[in-house]
Amino acid sequence: MDSRLADVEERLEAALEKRLEKVTPLDNPATKRFLLYYNRLKGRRWPVLAKLDENVCSGCHMELPPAKQQEVHRYVSMANEPAKMIIVTCDFCGRIVF
Ligand SMILES: [Zn+2]
């Protein structure tokens, strides 16, 4: 019984360590802001993320103004760096556009 308990505790500890490794890169203001916005929006707008298709928001099918289009193109390239993530939202429906 003791050895089984020790085994389980060891596995639990390993799992917690693994979880910490995965969560740490997301622990920054930009990512938290993103998750906060995402969670707030998901009850009202679904899907929360909308692809910009020929400058039209795929969520509401409205064409975004040129400045917004440029913003989307500029920030999409930073998507691989969670710490620098910037949210660009649709002017009409509020969805996160990418
Ligand atoms: Zn939209």
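**Exercise 1. The zinc site**

Which residues coordinate the zinc ion? Name the arrangement of the donors, then trace them along the chain.

*Solution.* Keep in mind that this is a predicted model.

Step 1. Find the donors. Cys57, Cys60, Cys90 and Cys93 coordinate the zinc ion, each through its SG atom, at 2.3 to 2.4 Å.

Step 2. Check the angles. Four donors count as tetrahedral if all angles lie between 85 and 135 degrees. Here the four donor atoms subtend angles of 106 to 113° around the zinc ion, so the arrangement is tetrahedral. For comparison, the ideal angle for four tetrahedral donors is 109.5 degrees.

Step 3. Read the spacing. Along the chain the donors follow C-x2-C-x29-C-x2-C. Cysteine 60 sits in the loop between strand S3 (56-57) and H3, while cysteine 90 sits in the loop between H3 and S4. These two are 30 residues apart, and the pair links distant parts of the chain.

Step 4. Compare accessibility. Cysteine 60 is partly exposed, at 23% relative accessibility. Cysteine 90 is buried, with a relative accessible area of 3%.

**Exercise 2. The salt bridges**

How many salt bridges does a search of the whole structure find? Locate each one.

*Solution.* 

Step 1. Side chains of opposite charge can pair when their charged atoms come close. The search finds three salt bridges.

Step 2. Start in helix H1 (residues 2-23), which holds aspartate 7 and arginine 11. Their side chains form a salt bridge at 3.6 Å, N to O. The two are four residues apart, so about one helical turn separates them. Aspartate 7 is partly exposed at 37% relative accessible area. Arginine 11 is exposed at 57%.

Step 3. Move on to aspartate 27 and lysine 32. Their side chains meet at 2.8 Å, N to O.

Step 4. Finish with aspartate 91 and lysine 68. The closest N and O atoms of this salt bridge are 3.1 Å apart. Aspartate 91 lies in the loop between H3 and S4 and lysine 68 in helix H3, so the pair ties together parts 23 residues apart in sequence. Aspartate 91 is partly exposed, at 46% relative accessibility. Lysine 68 is buried, at 14%.

**Exercise 3. The aromatic pair**

Are the rings of phenylalanine 34 and tyrosine 38 stacked or edge-to-face?

*Solution.* 

Step 1. Count. The structure has one aromatic pair.

Step 2. Apply the cut-off. Planes under 30 degrees apart count as stacked. The ring centres of phenylalanine 34 and tyrosine 38 are 6.3 Å apart and the planes stand at 25°, so the pair is stacked.

Step 3. In general, an α-helix has 3.6 residues a turn, so residues three or four places apart point the same way.

Step 4. Check accessibility. Phenylalanine 34 is buried at 17% relative accessible area. Tyrosine 38 is partly exposed at 23%.

Notes:
Residues are numbered from 1 along each chain as its sequence is written. This is a predicted model: local features need pLDDT of at least 70, side-chain atom pairs count only at pLDDT 80 or more; totals for chains, interfaces and linings use all residues. Side-chain values use heavy atoms; hydrogens and water are left out. A salt bridge is a side-chain nitrogen of Lys or Arg within 4 Å of a carboxyl oxygen of Asp or Glu. Buried means under 20% relative accessible area, exposed over 50%, partly exposed in between (1.4 Å probe, protein chains only). Donors are N, O and S atoms within 2.8 Å of the metal (3.2 Å for Na, K and Ca); water is not among the atoms, so sites may look incomplete. Four donors count as tetrahedral if all angles lie between 85 and 135 degrees; four count as square planar and six as octahedral if opposite donors are over 155 degrees apart and all others between 65 and 115; anything else is irregular. Rings of Phe, Tyr and Trp (its six-membered ring) pair if their centres lie within 6.5 Å; planes under 30 degrees apart count as stacked, over 60 as edge-to-face and the rest as tilted.
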